[in-house]
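Good morning, and thank you for joining this group meeting.

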Amino acid sequence: MNPTALFIRGATVVNADRQFEADVLTLGGQIAAVGPRAQAMAPSHAQHIDGSGQYLLPGGIDPHTHMQLPFMGTVTMDDFFTGTAAGLAGGTTTIIDFVIPSPKEPLLDAYWKWRGWAEKAASDYAFHVAITWWDETVHDDMGRLVAEEGVNSFKHFMAYKNAIMCDDETLVNSFRRALALGAMPTVHAENGELVYLLQQEVARMGITGPEGHPLSRPPMVEGEAAHRAIAIADVLGVPIYVVHVSCIESAEAIARARARGQRVFGEVLAGHLLIDESVYRDPDFTRAAAHVMSPPFRSKEHQEHLWRALQAGTLHTTATDHCTFCAAQKAAGRQDFAKIPNGCGGVEERMTVLWDAGVNTGRLTPSEFVAATSANAAKLFNMYPRKGCITEGADADLVLWDPEGHKTLSASTQHSKGDFNLFEGREVRGIPRVTISQGEVVFIDGELRARQGAGRYLKRPPFGPQFDAQKRRNLDLTPTAVVRT
Ligand SMILES: [Zn+2]
């Protein structure tokens, strides 16, 4: 049987480094040719797709999602099939999700549980593994995950006290272990002790509704944790990646560290770039609660700062933290905002809202858009150029992007499960017309053809010995004991 062949004619190919006119041929699951050779090599059975007037982008990578996550006593609406299918409808062809072991749960038990859940994914996927506790078995299992399972990033929650919060002892041990293994430590930066205290103080003031949520997690709570994690990483000489940077305080902590020459990377969510904290004062409980996620949405000056940080290279990747709960689930916190399941969606809308608010406004060039939506994540988590680049030999994960196409975002038309859309009513210009995953057309002109189980688990190799900045530092300054007589 002939492998599937797609011949995409006349689009403007956009990579993170440049954009150029070229035909592209895919054969099977890979890009076979970019440029004049594409036409010469195209087999007679190739399906032709007219790309004139459109951009051809690498498929999006969302490096932060939670499909089918058991959290705060319930499970998210989107499972690995519906969530990845929604991603494909929005031009995202790869997700990196999270394995989150319960305290004392062996890492590999949790890992295999998540691998089982993810088998129905429609797009390719990988996993960060969270370190929620520490002992020698965790130390050993991190080694096995890196060497045998292709995990090269570990997540640390500095919030969620009495649940999955990491104390400094665990952070230090895990960061050092990650460094030795060539894996990237990542942090959810919020001071969990402060959140715990402030939740009780806000409740004592008689504030029990969703408006209490941002009051219990002010920006400095995030800034403190970001700074602490970055400082620990600096002492140990390990690179660090800060997930969902939502405020000036943590963006500045990253900027300061980078100015000192430290290798620190930042992620920003589409929601934090576009939505402000006024949503929590909505008189309708259901709508206000639907926006409860951590860190919370911030006041408008933080959004402007986040855009500038993305433009300036302080922030590198865009994600969604896609983690959907319906109104009935959110109602668990009707009497107490601290009991509202934390999470919002966005995997389907990330690319289009970022194009509309980023490229259409001149904040980002198309190449910068590609860097922020796929290439940088592929590089930081070691999937490049298999992912995040349109080049011969790369996976045929592509989006034919219509810069003039427009739509109005709504829960009533989304593919994601659930009854809420974070960007409800927003009109966007610049939408995916065709999404190609592993060389197959999985979305075209509004028709979703996602297939359950078509997605593959991606093994990501560790980084090499150059990863270890401490080694280089020790060459310059080898500590010696003072000889005393
Ligand atoms: Zn998350």
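In which helix do Trp-114 and Trp-117 lie, and how many residues apart are they? Both belong to helix α3, which covers residues 107–117. They are three residues apart, about one turn of the helix. Please keep in mind that what we are viewing is a predicted model.

Let us turn to aromatic rings. The count for this model comes to 16 aromatic pairs. One of them joins Tyr-111 and Trp-112: the ring centres are 5.0 Å apart and the planes stand at 75°, so this pair is edge-to-face, the cut-off being over 60 degrees. Tyr-111 has a relative accessible area of 0% and is buried, whereas Trp-112 is partly exposed, at 46% relative accessibility.

The two tryptophans from my opening question, Trp-114 and Trp-117, also form an edge-to-face pair, with 4.9 Å from centre to centre and 65° between the planes.

Lys-161 lies over the face of Tyr-196, at 5.1 Å from the ring centre. Likewise, Lys-379 is placed over the face of Tyr-384, at 5.0 Å from the centre of that ring.

I now move to a pair of helices. Helix α9, residues 248–259, packs against helix α12, residues 300–312, with the axes 9 Å apart and at an angle of about 25°. Why are they described as roughly parallel to each other? The angle is about 25°, and angles under 35 degrees count as roughly parallel, so the description applies to α9 and α12. The crossing of α9 past α12 is left-handed. On the α9 side, the contact is made by Ile-248, Glu-249, Ala-251 and Glu-252, and on the α12 side by Glu-301, His-302 and His-305.

Finally, where is Ala-159 placed? It sits in the loop between β11 (153–157) and α5 (168–181). Ala-159 has 0% relative accessibility and so counts as buried. Leaving aside residues up to four places away in sequence, Ala-159 touches Ile-164, Met-165, His-188, Glu-190, Gly-192 and Arg-217. Ser-250 is 91 residues from Ala-159 along the chain, and their C-alpha atoms are separated by 15 Å.

Thank you for your attention.

Definitions and conventions: Residues are numbered from 1 along each chain as its sequence is written. This is a predicted model: local features need pLDDT of at least 70, side-chain atom pairs count only at pLDDT 80 or more; totals for chains, interfaces and linings use all residues. Side-chain values use heavy atoms; hydrogens and water are left out. Rings of Phe, Tyr and Trp (its six-membered ring) pair if their centres lie within 6.5 Å; planes under 30 degrees apart count as stacked, over 60 as edge-to-face and the rest as tilted. Buried means under 20% relative accessible area, exposed over 50%, partly exposed in between (1.4 Å probe, protein chains only). Helices (H or I, at least four residues) and strands (E, at least two) are DSSP runs, numbered from the N terminus. A charge sits over a ring if NZ of Lys or CZ of Arg is within 6 Å of the ring centre and within 35 degrees of the ring normal. Axes are lines fitted to C-alpha atoms, for helices over the stretch in contact, and angles run from 0 to 180 degrees between N-to-C directions. Angles under 35 degrees count as roughly parallel, over 145 as roughly antiparallel, 65 to 115 as roughly perpendicular and the rest as oblique. A crossing is left-handed if the near helix is turned anticlockwise from the far one by less than a right angle, and right-handed if clockwise. Contact means heavy atoms within 4.5 Å.
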